Amino acid sequence: MEYVKLGNTDIEVSRLCVGCMSFGKAGTMHDWTLDQTKSEEMVRHALELGINFFDTANGYSAGTSEEYLGAALKKNVARDKVVIASKVYFNEGRLSRAAIHREIDGSLKRLGTDYLDLYIIHRFDYETPIEETMEALHELVKAGKVRALGASAMYGYQFHNMQLAAKEHGWTMFSTMENHYNLLYREDERELIPICRQMNVSLMSYSPLAAGHLARPEWKSDSLRGRTDCVAKGKYDRMEQQDMEIVKRVHELADKKGCSMSQVAIAWQWAKGVASPIIGAMKTKYLDEAAGALSVTLSAEEIDYLEECYVPHRIVGAIDKNPEQGVMLLDEKK
C-alpha cells in the first residue's frame, strides 16, 4: 500500500479509502448493506492490505454503519493506526451550530472513539449562514473532537466562499473534498477541482467505479445491489447510451493491459490527482482488486483515449436546495 498526507495536515492515509455506506442494518437505508459480521470481515481485510482510511456518515443506515465500523476497528486495530472520517448534514438542523455539536457527539458515541480524524459536511446548507457552520466546525477542532475538516459534493463557488470565511476569521479550513468523480462523471473538473488544487485540498472521490459500471463490460448487474440500488440507477441510467462508449474503452484497455476494468478506472483516479478514492466494496476480493491497481500505470495517450468520448452530464452530487427533512437518498430513481 502507498500513503499520502491530506491537504496541509499531518494525517497520512492509504491511497484507498473504505467506503462504509455498504455497512449497516439492511433495510434502514439500503437493502444490500453488510451485516455486522461481514462488515468486520471487510474491515479486517482492509487492514491486512494496509488500508487505514475509513469513511462513514451519521445517517448511513440509521447510524448502524458507524456502530459496525467502530466495533470492528476496536476489535482489530489500535485507534491511532487508523483514520476515521464521518459526516454531518442529513440530520435535524443541517449544519447549524447546535446540530453540529449534537451530531458529533452522536457519531463519536456510535463509533466508540473520543475523536474523529476527519469531519466532513455532507452537502452545502442553504439555510445556515456559512460563518455559523465554519465557526462551529472550528470549535470541534479546538475541543479536540476533530483533527481536520472536509466538505463533500457542492458547487465550486460554495466551497470557495466557505474556505474564505474560515480564512478571514482564522478558523480551520477544509483539508479534503469528497466529491462525485469518475470516468462517467467529470463535471467537477470545470470549477470545484481546480479550486481544490489551488487551495491544496485533497480529493477523496466517491463512486470512483460509477456504482460498478466501470467494473464490468455490460451496463446492468444481477447482484442484489444492482437490482435494488435505485440511487445508482438515478445517478447513471439516463446517460447509459453515451456512457457505454466509455465503458467499452475501459474494457478494451483492461484487456490490453492484462488487468481488470476497475483497476483501470482506479488508476485513472490517481492519474487525475485524487489522493484516496473511496471503495464501497461488498466482497473482500474487490478490495484486493482495488489494491492491485497500484501496479497499473496509464500513459497520457491512454488517459486521453479513456476521456475522449465524454459528454456533459447533468449535475449529480451538488444540490440546489436543502431536501426535505428525512430525505437522504438523493437522485433516487422511483
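Modeller: A residue is called buried when its relative accessible area is under 20%, exposed when it is over 50%, and partly exposed in between, with a 1.4 Å probe and protein chains only. This is a predicted model, in which local features need pLDDT of at least 70 and side-chain atom pairs count only at pLDDT 80 or more, while totals for chains, interfaces and linings use all residues. Residues are numbered from 1 along each chain as its sequence is written, and side-chain values use heavy atoms, with hydrogens and water left out.

Biologist: Is S207 buried or exposed?

Modeller: S207 counts as buried because its relative accessibility is 18%.

Biologist: Which residues does Y206 touch?

Modeller: Contact means heavy atoms within 4.5 Å. Not counting residues up to four places away in sequence, Y206 touches a set of residues including A153, E178, K235 and I278. Y206 and I278 are 72 residues apart in sequence, yet 5.2 Å apart in space, C-alpha to C-alpha.

Biologist: How are two packed helices described, and at what angle do helix 4 and helix 5 cross?

Modeller: Two packed helices are described by the angle between their axes and the distance between the axes. Axes are lines fitted to C-alpha atoms, for helices over the stretch in contact, and angles run from 0 to 180 degrees between N-to-C directions. Here the axes of helix 4 (residues 130-142) and helix 5 (residues 156-169) come within 9 Å and cross at roughly 60°. That makes helix 4 oblique to helix 5, given that angles under 35 degrees count as roughly parallel, over 145 as roughly antiparallel, 65 to 115 as roughly perpendicular and the rest as oblique. The contact is made by I130, E131, T133 and M134 of helix 4 with N161, M162, A165, A166 and H169 of helix 5.

Biologist: Where does K87 lie?

Modeller: K87 lies in strand 5 (residues 83-88) and counts as buried at 0% relative accessibility.

Definitions and conventions
Helix = DSSP H or I, 4+ residues; strand = E, 2+ residues; numbered from the N terminus.
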